[in-house]
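Let me put the model up and walk you through a few spots.

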Amino acid sequence: MAEFEPVIGLEIHVQLQTRTKMFCGCELSFGEEPNTRTCPICLGHPGTLPTLNARAVHFGLMIALALECEVAPRSLFHRKNYFYPDLPKGYQISQYDVPLALTGMLAVPGGPTVRIHRAHLEEDAAKLIHLGESGRIHGAGASVVDFNRGGTPLVEIVTEPDLRSAADAKDFLQLLRTTLKQIGVSDVNMEEGSLRCDANVSVREAGEQGYRTKTELKNMNSFRFLERGIEAEIARQIEIWSSGGTVVQETLHFDPVTGSLTPLRSKEEVHDYRYFPEPDLVPLAPTAEMLEAARSALPELPAARLARYERDFGLPTDAAAVLVGWEQLGRFFEESLATGNGIDAATLARWTTGELVARLREQGVEDPRESKLSPRSLAELVLMVQGRSLSQSAAKEVLAELTRSGGDPASVVEARGLKPIADSGELEGLVERAIDQNPAAVEQIRNGKLQAAGAIVGTVMKETKGRADGSEVNRLIRRKLGID
Amino acid sequence: MLFRGPKRLRSPTNIRPMIDRDQVLHVARLARLRLAEDEIDRMSRELSGVLGHIEKISELDLDGVRPTSHVVELENVLRPDEPRPSLPKERVLAYAPDPAAGGFRAPTPGR
Amino acid sequence: MSREVIALSASEAVARLRGGDLAAAELFEAYADRIAALDDQLGAFLWKSEHVPGPGGGVPLAGVPIAIKDLFCTEGVPTTAASRVLEDYAPPYTATAVRKLFDAGASMLGKTNMDEFAMGSSNENSAYGPVRNPWDRERVPGGSSGGSAAAVAGGLAPWAIGTDTGGSIRQPAALCGIVGLKPTYGAVSRYGMVAFASSLDQCGPLTRTVTDAALLLGHLAGPDPCDSTSLGLPDDVTLPARTDLAGLRFGVPRELGPEAEGIERGVADTFNRTLEVIAELGGAIEEVTLPHAPHGISAYYVIAPAEASANLARYDGVRYGLRAEGNGSGTLLDLYERTRAEGFGPEVKRRIMLGTFALSAGFYEAYYGRAQRVRTKIADDFDAAFGRCDFVVTPTSPTVAFKLGERTGDPLSMYMSDYCTVPMSLAGIPAVSIPAGLARPADGGGPEAGLPVGFQIAGPAFSESRLLDAAYAIEQRIAFDTTRAFLG
Ligand SMILES: [Mg+2]
Ligand SMILES: [Zn+2]
């Protein structure tokens, strides 16, 4: 059977976290009562006109620059015409042939590099609440429209078909999500719909030029569903082609309950959106000041930060990824690193992404700054471990105490009597006693099973409440048993 | 000397329809207009007359002419992102032909 | 007393009100009484104010009443656009232009009849019945601001505002023998004007004198943060004072001039006489050419319907306005199609169809794309003409007022009424129509003395003050009696 290669492109809608809607002064809605955030403009009353939200443009430019797009010197708004109850004017104000931004890219470190086809500004539709066929409210098959969401600013990002697997699509979307979140333009919540992703999927035989018919997948409102939906569609298409069939172009709706894809009946109509330039809005020609404002508002982007962590600090990719994905943690790490003279970045990263994360999760804290731990204390603690003046297990106890109650590591070590046993005479005595208490282990070690030494180490540790240096204990055991 | 003036703009009476019955029905569907039976043929006739006249612009040489969609030469007209009061819900829903459950009721699409 | 008060032009009335020898309430009541008694003859008003305003001496317009075209949103007051689809609609807000007039101390006499959604040139497309021309009740007042024009000409309002998309202020002003100004696109805010064709719509005055037009424009114009395409005017509008035309050049475009085929004989004669008046006043007459102007109607009847097809999509029976009653099939499609079939009249449907077709897949470039390029060429033609002359002059309407029903059977012949006014709309430039005399229609009917003929003067963008100054000089010399068709 032929080897098939998936070809995937994504269309992402991002709700911008401005204060007001795209074209009117209504505040954005966060679960308010239906139809409490509306005005004549966003209800499409006769005679009303749109006015473009400056911050939405600013956020749009930030996204364009973050995705390394070319910003159009003069982009236009168009009307996209279709009838739907959630569309109050009978058209959506969007951008069409001259969008805000073209040809960018986002490279997933260690993953795919995805070209961005375009990014444009538009307004969101309202929300349709289906009352159902047999609801208590009279009127079978009726829906109710809530216009609170209508007119929320959106940026639509369209990628080139550069993705080759569902996992890549997920990785890409995750990085895009982290990027959008960290540049501060959206709260990117997939479940709540502030980040929405559709996928265009086709497959072709390996080495084949050109693309085959694609289908459009909708409603994948989590990363897991995105991955599952795309996987299911790839399998379905491969099955069709392999059995001599033909994939037809259609829109498929992903059902998260069954994991199945069902064709959406087209909106009662062949699509003919009759785009034409929006006469109520003038062209958008970002000035040098607007571009500079957008550029200077951008923090270091996640992909760049990850590369820097790997390059400059020699961090392993997984630890770097955690620090980049968890913005405040990464910032805490860097602050801590800056205070610790001679500290090993990889060790600090391991402590930050391991023990510290575990403690923060316990406390339900999102920002390490909200715990009692200071970046300096973390650095001091890690330096103590590094310099063998504190054992690993004692350090864990100290860290827990610091995140809970604060203070500096030296005082906690002192107060809890966690100073390592520095006197080698005392340690030797303890090791000798432990050897006596573990004859079975000694036997095994003599027979070549060196890992049996763990039992003896354990006894020492128990005896010292973790204050002994593990590697020193190991060294003493070997010497005593004469197996060096 | 005579120039082509408004008099020539009378509807031609016997030209081939520029827009036939099927097209009328297609366009009426796009525009969500239900046409009565007699309206369909009349629409085809009337629109064909107007389009027959409009067609004359196809004779003009417009190569390289930029399209005008705005006559004002404004750019970057932006509104500060500052909230303005929304309307009270009661006021908004008072306009609804069929209010229900705090919203505007309509038949569910696609049925 | 009442008749004397009614005969005052708006600016004269303002002067009397501010001088204290006339009370705003008295003036308002004089008009309100006339409307109540006489409007049956015209059908100019769709809604009449019963509120008599209090004293308003201190503010610029001092309480002088005004008639408002029913295309302007007025908070809590019915605003129908003369359509069934908005029959019981009273908007939640007031249009900027109207708000500015209220702020200046004007009071609203009523809302005037019009062609439905401003689509028409005869006012016969109103869902609430036609308006009749005060000069001859068997004839149309023109459109779409027919109610505003008839009210002013018939002495039922001192002045009015209307809207002009392709001639909807100038043509009815011409047919009713009054002054009508379409300002430069962007001079007056469109916020709250029910949209017909957004890139063309512009609000302007219909008045008995050029001075009134200038006074009203001064209060209407200005940039509006609610309208991104509004600019206002670069300078304050000055009241016209010019008595001669020395040093001014008036271009007569061959294509829209008196010899163009289809211009009525009487209209051409009046136009030529007005050129003589201009010469007497020291103005120079030059022939200019607007080669693409004859294609204005074609471009206009693509662009305006295309924009209208989108602007009128919101009337769907979901949020406000008419909703088709009865069960039908109960589907959304059925609700939309029946609501819009019931809500819109034939001309509105025709234009929605035309515009939808012109934008639809496969036809966009041939129709909409080309029409936009023709629009560019027409604007370029005017630019070239204004390089040679200060103003372009044409007859406003090819004919005087025609009979009710005369053109309703043939849309294209109705569209012809806009032949001389559409090019200025497409170019976005200001143009004023002033009454230039009386002429007998080609059909030989009408009053013995004839029917009013309008003279159109167009200038470059934002030249309103100069334009009105020139119009004033001509007006003073012609001395047309704009109270002649007063009812009663
Ligand atoms: Mg979109
Ligand atoms: Zn709003």
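This is a predicted model: local features need pLDDT of at least 70, side-chain atom pairs count only at pLDDT 80 or more; totals for chains, interfaces and linings use all residues.

**Around helix α5 of chain C**

Residues are numbered from 1 along each chain as its sequence is written, chains are lettered from A and ligands numbered from 1 in the order in which they are written, and side-chain values use heavy atoms, with hydrogens and water left out.

As for terms, buried means under 20% relative accessible area, exposed over 50%, partly exposed in between, with a 1.4 Å probe and protein chains only. Contact means heavy atoms within 4.5 Å. Helices (H or I, at least four residues) and strands (E, at least two) are DSSP runs, numbered from the N terminus.

How many residues of helix α5 (residues 146-153) are buried? That would be 8 of 8, including C:G146, C:S148 and C:V152. Just after α5(C), C:G155 takes a positive phi of about 75°.

Now zoom out to chain C, with its 15 helices and 11 strands. Its radius of gyration is 21 Å, close to the 23 Å from the globule rule for 488 residues, so chain C is as compact as a globular protein of that length. (The radius is taken over C-alpha atoms, and the rule is 2.2 Å times the number of residues to the power 0.38.) Buried residues make up 71% of the 488 in chain C. Of the contacts there between residues at least 6 apart in sequence, 76% join residues at least 24 apart.

For contrast, look at C:G247, in the loop between α7 (210-220) and β7 (249-253) of chain C. Buried or exposed, what is C:G247? Exposed, with a relative accessible area of 68%. Setting aside neighbours within four places in sequence, C:G247 is in contact with C:G282 and C:D390. C:G247 and C:D33 sit 47 Å apart in space, C-alpha to C-alpha, and 214 residues apart in sequence.

That's my tour, so over to you.
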